[in-house]
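Hi,

Here is the structure I promised to pass on. Have a look at it first, and then read my notes below.

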Amino acid sequence: MSKNLKVIFIFFAFFVLSYYELNLPYQCDREIFYELRFPRYIGILISGFSLSSAGILLQYITKNPLADPFIIGTSGGVMISIILSRLFSVSSYSIIYLLMNSVFGLLSTLFAFKVSSASGRVISNILLSGFAINSIVFSLIVFFIIFSKEHSLYFLHISFGSFSYTNYSIIIHSVIFVLILLMIVNYILKYIITISFDEEKAIVLGVDVKRIRLVVFIVSSFFTSISVTLSGMIGFVGLMIPHITRRLFYNYGFQATFFLNGFLSILFLLFSDIISKVFFYPVEFPPGIFSAVVGSFFFIYLVLKRKRKNESY
Amino acid sequence: MIRYIVFIFIFLWTDYLFSQRIVSLLPSYTEIIYELGAGDKIVGVTNFCNYPEDVKNKQKVGDYLNPDIEIIYKLKPDIIFMGNWSNKIVDRFKNKNIKIVVLNNERNVSDIYDTIKTIGKYLKMEKESLKLVEKMKKEIKSLQIKKSYRKVYIEIDRDNWTCGSQSFISDVISISGGVNIFNDINKDYFRTNWEEVIRRNPDVVLICGQEVDEFIKRPSVKQIAATRYGRIYAINQKERDIFSRPSPRIVEMIKKLGKIINE
C-alpha cells in the first residue's frame with residue numbers, strides 16, 4: 001500500500017466507525033443524541049487519543065517496547081484517586097476531579113521514574129514499580145467490595161473501563177488539558193526525536209536527557225490521567241497501539257506517527273464499543289475486558305519475541 | 001445430692017440430643033426460620049442478618065460467600081441452611097455429622113413457598129410451614145391489587161444496575177401490578193445502558209440507595225413518563241433489604257408497591 005493510501009484508509013475507517021457508534025443500536029432523537037450519545041462519542045475520542053499518546057511517548061523516551069501507562073502504574077494511581085473521590089463524593093462535574101486524578105497519576109509516574117532511574121536495569125525496574133502500584137489498586141478494589149457494598153460495583157466496573165460516565169464539563173476540561181499537552185509535546189519534539197535516535201549522541205548534541213525524560217514522563221502521566229478520568233482503566237491500549245503504528249507507519253515522520261497512533265487507538269475503542277453494543281445491548285459491557293484479552297496476548301507475544309532474539313533486560 | 005446432679009446432667013444431655021442447632025447462611029433463611037417459630041434454635045447467622053431484632057444476640061459467622069468455618073465448627077450445628085452459591089463449604093462438612101441443606105435461588109414468589117416448605121421439612125415443622133405459606137398466599141390475595149400494568153424501572157444499585165426476568169424482584173413487580181421493563185432479558189442482575197432505559201420509557205421508577213433529587217439531574221431524564229407524572233420513588237435501605245430478600249416479609253413490600261405502582 002502506498003503511503004497516502006494507508007492514511008486515507010484509516011480516515012475512512014474512522015468515519016465508518018463513527019457513523020455506527022453514533023447510530024447504533026437505534027436511531028435516537030435529538031435530545032438523547034446531544035445529551036447521551038454525543039458526549040460518549042467525544043469521550044471515546046479524547047480518551048483513546050490521549051491513552052495511546054501516553055504509550056507512544058513512553059516507548060520513545062525509554063526505548064522500551066514494554067512501556068505502557070497501564071504497566072508502569074499510572075492508570076493504577078489514577079484509579080486510587082477515582083476511588084477516593086467517589087468515597088468523599090467529589091463531583092465529576094468540577095475541575096477538582098480531573099486535577100486530583102492528574103496529581104495522583106503524576107505521583108505514581110514519578111514513583112515509577114524514580115525506581116527506574118535508581119539503577120541501570122531500567123526496563124525491569126519500571127515493570128516492577130508498575131506491578132507494585134497495580135497490585136495495591138486491585139487489593140484496594142477488593143477491600144472496598146468487601147467492606148463498602150455501596151460503591152463496590154462502581155469500582156469493579158470502572159477498573160475495566162466504562163464510557164458511560166462522561167459529561168460535557170469533564171470533556172471541556174480535558175480538551176483544554178490535551179491542547180496544552182500537545183503544545184508541550186510540539187515544543188520538546190526535536191529533543192524526543194534525538195533521544196529516541198541515540199541517547200549518547202543527544203548528550204553530545206547538548207540535550208539535557210534527564211530533564212527531557214522527566215518532562216515526557218510528566219506529560220504522559222497527564223495524558224493517562226485524562227483518559228482514565230474519562231473512561232476508566234482500559235489496559236494494554238497504550239502498549240498495543242504504538243507497536244501496530246510503528247509497524248504500519250515506519251516511514252512517516254514523528255508528528256504524523258503521533259497523530260495516526262492516536263487515530264488507531266480511537267478506532268480500537270470505537271470498535272470495542274460497537275461490538276459491545278451489537279452483542280450485549282442493553283447490558284453495559286466494559287471495553288477493558290476486550291482490550292485486556294487482545295492486549296495481554298500481544299504482550300506475551302512481545303515478551304516471547306524478545307526472548308527469541310536473546311535480548312536480556 | 002449426687003442423684004440430683006446425675007438427674008440434671010441427664011436432663012441437659014437429652015435436651016442436647018433433641019434440640020436442633022441451626023446455622024443459617026442467608027438472611028432470608030434466617031427470617032423464614034424465625035417466622036416458623038424456630039428462632040431460638042438458631043445458633044449462627046450471617047453478618048447481613050438484621051431482622052428480627054433477636055438476631056443481634058446470635059453468633060455471626062461471616063458473610064454467605066465466605067463464612068468462617070472455624071466458628072461454624074465451634075457452634076456444633078446439626079443442620080446448616082445455605083444458598084446455591086457453588087461453595088466449597090459443602091465439601092468441608094461432608095464427613096462430619098452435620099446435615100447441609102443447599103437451597104436453590106428463588107426466581108419468583110412461588111419459589112419462596114418452596115423454600116419455606118423445604119426448610120419446614122428439615123426442621124420437622126411441616127404443619128407450620130404449610131400454614132405460613134397459606135397465610136402469605138391469603139394475604140397477597142386479600143390485597144386485591146388492581147393491576148395497571150405500568151412499566152417499572154427498578155434501579156437496585158447506583159449506575160443503572162437493574163434486574164431481568166431471572167430475578168424474583170421482577171416477579172414481585174408483576175404481582176404488585178406492574179411490568180419490569182427489562183423482563184425480556186434473561187438475566188438476574190446486570191448493568192444496563194441509560195439510553196435504553198429512556199427508550200423503554202418507564203411509567204414508574206424505583207431507585208435504591210439514591211435520592212430522587214439526584215436522579216432528576218441525570219441527562220434526558222425529563223423524557224421519561226415517570227418524571228412527567230412524578231412517579232419516582234426512592235426506596236430506603238430498610239425497605240431495600242425487604243425487597244432484595246425472598247422472605248415472608250415480601251408481602252409487606254407487595255402491599256407497598258401495589259399502592260405506588262397503581263396509584
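**Where the chains meet**

In this model, 16 residues of chain A are in contact with 17 residues of chain B (contact means C-beta atoms, placed from the backbone, within 7 Å). On the side of chain A that touches chain B, α2 (30-62) and α6 (149-158) each supply at least two residues, and α2(A) gives the most, with 5 residues. Helices here are DSSP runs of H or I with at least four residues, strands are E runs of at least two, and both are numbered from the N terminus.

A word on the source: this is a predicted model, where local features need pLDDT of at least 70 and side-chain atom pairs count only at pLDDT 80 or more, while totals for chains, interfaces and linings use all residues. Residues are numbered from 1 along each chain as its sequence is written, and chains are lettered from A and ligands numbered from 1 in the order in which they are written.

**Chain A**

Chain A has 13 helices and 0 strands. Its radius of gyration is 19 Å, close to the 20 Å that the globule rule gives for 313 residues, so chain A is as compact as a globular protein of that length (C-alpha atoms; the rule is 2.2 Å times the number of residues to the power 0.38).

**Chain B**

Chain B holds an open sheet of 5 strands with parallel pairing, in the order β3-β2-β1-β4-β5 (strands pair if DSSP finds at least two bridges between them). At the edges stand β3 (59-60) and β5 (99-103) of chain B, each with a single partner strand, so one side of each is left without a neighbour in the sheet. Strands β1 (residues 22-24) and β4 (residues 79-83) of chain B pair over 3 bridges; S24(B) has F81(B) as its bridge partner in β4(B).

Cheers

How values were computed
Two residues are in contact if their C-beta atoms, placed from the backbone, lie within 7 Å.
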